[in-house]
Amino acid sequence: IDRLVDLYAQARPDLKLSFIDPQFFPEQARSADVTVLGQLVLEYQGRRETLRELSEGTLTAAIARLASDRPAWVAALVGHGERSVMSPAGADLGRFGQLLQGQGLRVQALDLAVQDKVPDETDVLLISTPAVDFFPGEVEQLVEYLRGGGNLLWLMDPGGLGGLDPLAQELGMPLLPGTIVDANARGMGIDTPIVALVSDYPDHPMTAGLKAAALFPGAAALAPEAAPGWAIAARLATGTGSWNETGPIRGELSRDPAAGEEAGPLTVALALARPSPRAPGGGQGEQRVLVVGDGDFLSNANVAQGGNRDLGLRLVRWASGQQGLDAPPERWAGDREVELTDLRRVLVGGLSLVVLPLIFLISGLVIRWHRWRG
């Protein structure tokens, strides 16, 4: 415990750590909800949290929660085959949901077929592409949430909107046809052309400090437009070697302007903002909406690729209107593919198949000769 807390004390010298035996101070243990030895109790500005599991992740999350007057609530829509923030399946968002919880955010599933509206405490509503279209009544609830000043993170995918066309009309931001193909992704060793690469981030607090390129597999392009009253706060765009391919993704691809295929840069994500209708008397406050043309970039299969993880966390933090801690580095590395040039293949093959066996053979002969002489 001392070694773990010392890592945080290096950044905050005023952090104090004391050890109390609950057997000698049972009243303090009961008031702090301590039930077993080794639990850690955090106190900050009159707020307290007791950790039942001690690790760098749980401690960081607890600090983030205590540092905020009210942790941000993220409500993720479920009930129509959307990407689940609780599931470990490759296409779902379970690992990203764990990341948000590890940063002190409260993540909850929301089924509008069960609840009649989006809860008032929701700081940002997460929508991903449904497998089954939303019912008209549910769409009306979402439109009312948006009109009432609710913040939104919408992860779209190429194809239909799942019955959410009225919500898109409220934002005034149409999807371009097709799927983005990007020749620039080959520079990162990506063979498939349908991975959109975003490496040049805008000058905006949401993306400040981001350096690693984000990868968007199978992304749709957004028209950089907004309905009256909305302002475009920032946009993430691909490079010039991209376009929205409307035909089959096979063989040699080339852009066809007659089919509505536009040359890059293409907008992959759009951040919109306007004065919040929730602000009393027209006071200060900003409503924020983020629309991303791809939900795969935050999926369990892709969240660790490039800068996806950090970018996803920044998007949620900006959309919720609350700041938090940066994501701690993960203790694992995803699968990596090693690419060798022809020369290196020859060197590696020659070393393993010729040089090393020859060394072993000569060593064996020398040892045998010395033994024969002895």
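**View 1. Leu311 and its contacts in the predicted model.** Leaving aside neighbours within four places in sequence, Leu311 is in contact (heavy atoms within 4.5 Å) with Tyr201, Thr207, Leu210, Ala214, Phe216, Leu236 and Phe297. This is a predicted model: local features need pLDDT of at least 70, side-chain atom pairs count only at pLDDT 80 or more, and totals for chains, interfaces and linings use all residues. Residues are numbered from 1 along each chain as its sequence is written, and side-chain values use heavy atoms, without hydrogens and water.

**View 2. The nonpolar cores.** A nonpolar core is a set of buried Ala, Val, Leu, Ile, Met, Phe, Trp, Tyr and Cys residues joined through side-chain atoms within 4.5 Å. Buried means under 20% relative accessible area, with a 1.4 Å probe and protein chains only. The largest core has 43 residues, and Phe216 and Leu311 have the most contacts inside it. Helix α7 gives the largest share of this core, six residues. A second, separate core of 29 residues includes Leu125, Ile127, Ala168 and Val289.

**View 3. The open sheet.** Seven strands run in the order β4-β3-β5-β6-β13-β12-β10, with mixed pairing. Strands (E, at least two residues) and helices (H or I, at least four) are DSSP runs, numbered from the N terminus. Two strands pair if DSSP finds at least two bridges between them. β4 and β10 (231-237) stand at the edges with a single partner strand each, so one side of each lacks a neighbour in the sheet.

**View 4. Strands β3 and β5.** β3 (residues 73-77) and β5 (residues 124-128) pair in the parallel sense over three bridges. Val74 stands opposite Val124 in β5.

Technical notes
Buried means under 20% relative accessible area, exposed over 50%, partly exposed in between (1.4 Å probe, protein chains only).
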